[in-house]
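Here is a quick walk through one protein chain. Keep the model open beside the text as you read.

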Amino acid sequence: MDRARGEEGQAAVELVALLPLLAVIALAAWQAVVAGQAYWVTGVAAREAARAHALGADPLIAARAVVPGALRAGVRVRADGDAVGVRVAIPLVVGRGRLATARARARMEPQS
């Protein structure tokens, strides 16, 4: 019976010891989701920007229209002939700054 009393708080101590590791794992998973979304939406934004450029509209406005709010500030568009390149900065989920930049290119023939 004395042994059981000595282990009363063992589970609580182990949980408290694991909380920082669980927090790091959760933040890493969240960062992976944000990065995945940024790469996916960059391709969509490039196609929309190319479509707008082919129609004579502003490709930056078209690209920013399909990018979610948190990523919208990091959108950069560059038109080169028929092709349009889009870059989206991938923000860090903790703190300021960016993790990387997602890039995509799309091309569409000019429409008249």
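## Strands, helices and a core

E1 and E2 form a hairpin with two residues between them, and Gly81 in that turn has a positive phi of about 70°. Strands (E, at least two residues) and helices (H or I, at least four) are DSSP runs numbered from the N terminus. This is a predicted model, in which local features need pLDDT of at least 70 and side-chain atom pairs count only at pLDDT 80 or more, while totals for chains, interfaces and linings use all residues. Residues are numbered from 1 along each chain as its sequence is written, and side-chain values use heavy atoms, with hydrogens and water left out.

**The sheet**

Let's stay with the strands. Three of them make an open sheet, ordered E1-E2-E3, with antiparallel pairing. At the edges sit E1 (75-80) and E3 (98-107), each of which pairs on one side only. Ignoring direction, neighbouring strands here are turned by 15° against each other on average. Two strands count as paired if DSSP finds at least two bridges between them. E1 is joined to E2 (residues 83-91) by six bridges, and E2 pairs with E3 over nine bridges.

Val75 has Val88 in E2 as its bridge partner, and Asp80 stands opposite Ala83 in E2. On the other side, Val84 stands opposite Ala106 in E3. E2 and E3 also form a hairpin, with six residues between them, and Gly95 in the turn has a positive phi of about 85°.

Now for the helices. H2 (residues 10-54) and H3 (residues 59-66) pack at an angle of about 145°, and their axes are 8 Å apart. Axes are lines fitted to C-alpha atoms, for helices over the stretch in contact, and angles run from 0 to 180 degrees between N-to-C directions. Which residues in H2 and H3 meet? From H2 come Val41, Val44, Ala45, Glu48, Ala49, Ala52 and His53, while H3 brings Pro59, Ala62, Ala63 and Val66. The residues of this contact divide into nine nonpolar, one polar and one charged.

**The core**

The largest nonpolar core has 19 residues, and those with the most contacts inside it are Val67, Leu71, Val75, Val86 and Ile90. A nonpolar core is a set of buried Ala, Val, Leu, Ile, Met, Phe, Trp, Tyr and Cys residues joined through side-chain atoms within 4.5 Å. H2, E2 and E3 are the elements that give two or more residues to this core, and the largest share, eight residues, comes from H2. In soluble globular proteins, nonpolar side chains tend to be buried together.

Val67 touches Val41, Ala45, Arg72 and Val75, leaving out residues up to four places away in sequence. Contact means heavy atoms within 4.5 Å.

Buried means under 20% relative accessible area, exposed over 50%, and partly exposed in between (1.4 Å probe, protein chains only).

| Residue | Relative accessibility | Class |
|---|---|---|
| Thr42 | 1% | buried |
| Leu27 | 35% | partly exposed |
| Arg98 | 55% | exposed |
| Met108 | 28% | partly exposed |

Take Thr42 to begin with, which has its place in helix H2. Why does Thr42 count as buried? Because its relative accessibility is 1%. Beyond its neighbours within four places in sequence, Thr42 is in contact with Val86, Val88, Ala102, Arg103 and Ala104.

Not counting residues up to four places away in sequence, Leu27 touches Val93 and Val94. The C-alpha atoms of Leu27 and Val94 are separated by 8.0 Å, though they are 67 residues apart along the chain.

Arg98 lies in strand E3. Its contacts, leaving aside neighbours within four places in sequence, are Ala89, Ile90, Pro91 and Leu92.

Met108 lies in the segment after E3. Apart from residues up to four places away in sequence, Met108 touches Ala50, Arg51, Ala54 and Asp82.

Key:
Nonpolar A, V, L, I, M, F, W, Y, C, P; charged D, E, K, R; others polar.
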